[in-house]
Amino acid sequence: PGPDLRRLEAAVLAQDPSLDVLSPAPASVPGALPGALMEVGPAFVGREADLAWLGDAWADAVDGRGGFVSVLGPEGIGKTRLAAELARKVHGDGAAVLYGRCDHAHRGARALLGQALQSAGTSLAHVVGATDETVDIAEAVARFLPTWSQSRPVLVVLDDLQLADAETLEVVADLAGWCRATPMLVIGVFRNDPGPATRSDDTPGGAASQLALGPMSKDAVGEICDLYSTEPWPAPDLERICELTGGVPLLVHEQASEWARERASRRMADAAGRLAATRR
């Protein structure tokens, strides 16, 4: 890249105010579901109890007792998939849904919440001044969303928070505090080490509520395998897939897909062999 492009890249990375040459688009009412939550993985299987737990937290929020719940688990366990399933349901019921994800470009609190607002058709510029660094961003967002959503309940999904810095986590905690007396639920998704499935309590709600996702049951693994084959799976094959994947849904889908292709290939080879023998 030439010097002009390098200067532009530096300005973008520094969020140079001189790049704000266009006025923000007008704030919109809740519209489409954020794209990141529309298509997240294959069929939803084996997490009905966990979805019901989140549904109880959402019901509390709709009744004006919002707050924060965390969803924990290792990579591939289905954390985002679970949050997406709830998001699609509540969005279909008329709620506003926002989605933000921590990554190398959205680790700061403003970047993360700005991404979440953009996912729903609005922007941080409508909440606070574009360059105003003195505003309490958590309070500003919490006060803005109920008005913007036209008094509809609001679901905010914040993904990969294990990548967030301390300042961002503090802002998320403040936002959760502001939600407690409003129809707004914040779901924080964290990746952690594998562990048993746990729920913090029978009635989700409050700052300490958390849902730790564990491995899928053997029956759920069988349901996933059935998605990839029209023939019943032998019990030893199901046992082997459970052993190889540890019940992690992402790995189960990968193994079941690969094994189904291999079984189909063997059936094709056998059929071709029988046809050749018949012709001879």
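Ser123 counts as buried because its relative accessibility is 15%, where buried means under 20% relative accessible area, exposed over 50% and partly exposed in between, with a 1.4 Å probe and protein chains only. The model is predicted, so that local features need pLDDT of at least 70 and side-chain atom pairs count only at pLDDT 80 or more, while totals for chains, interfaces and linings use all residues. Residues are numbered from 1 along each chain as its sequence is written, and side-chain values use heavy atoms, with hydrogens and water left out.

**The chain as a whole**

- The secondary structure of the chain comes to ten helices and six strands, both taken as DSSP runs numbered from the N terminus, with helices being H or I of at least four residues and strands being E of at least two.
- Of the 280 residues in the chain, 42% are buried.
- Among contacts between residues at least 6 apart in sequence, 75% join residues at least 24 apart, a contact meaning heavy atoms within 4.5 Å.

**Ser123 and the helices on either side**

- Ser123 lies in the loop between α5 (109–119) and α6 (137–148), and its side chain is joined to that of His126 by a polar contact of 3.0 Å.
- A polar contact is a pair of N or O atoms within 3.5 Å; within protein, one must be able to donate a hydrogen and the other to accept it, and residues adjacent in sequence count only if both atoms are side-chain atoms.
- The axes of α5 and α6 come within 11 Å and cross at roughly 10 degrees, which makes α5 roughly parallel to α6.
- Axes are lines fitted to C-alpha atoms, for helices over the stretch in contact, and angles run from 0 to 180 degrees between N-to-C directions; angles under 35 degrees count as roughly parallel, over 145 as roughly antiparallel, 65 to 115 as roughly perpendicular and the rest as oblique.
- The crossing of α5 and α6 is left-handed, a term used if the near helix is turned anticlockwise from the far one by less than a right angle, with right-handed used if clockwise.
- On the α5 side, Arg110, Leu113 and Leu117 meet Ile137, Val141, Phe144 and Leu145 of α6.

- Leu54 has its place in helix α3 (residues 48–62) and is buried, with a relative accessible area of 0%.
- Apart from neighbours within four places in sequence, Leu54 is in contact with Val69, Val71, Leu82, Leu86, Ile187 and Leu211; Ile187 is 133 residues away along the chain, with 9.1 Å between the two C-alpha atoms.
- The axes of α3 and helix α4 (residues 79–92) come within 10 Å and cross at roughly 50 degrees, and the two helices are therefore oblique to each other.
- Asp50, Leu51, Leu54, Gly55 and Trp58 of α3 make the contact with Leu82, Glu85, Leu86 and Val90 of α4.

**Strand β6**

- Ala212 is found in strand β6 (residues 210–212) and is buried, with a relative accessible area of 11%.
- Ala212 and Gly73 are 139 residues apart in sequence, yet 5.7 Å apart in space, C-alpha to C-alpha.

**Helix α10**

- The 31 residues of helix α10 (residues 249–279) should span 45 Å at 1.5 Å a residue, which agrees with the 45 Å between its end C-alpha atoms; the expected span is 1.5 Å times one less than the number of residues.
- Its buried residues are Pro249, Val252, His253, Ala256, Ser257, Trp259, Ala260 and Arg263, and what covers them includes α8 (218–226) and α9 (235–245).
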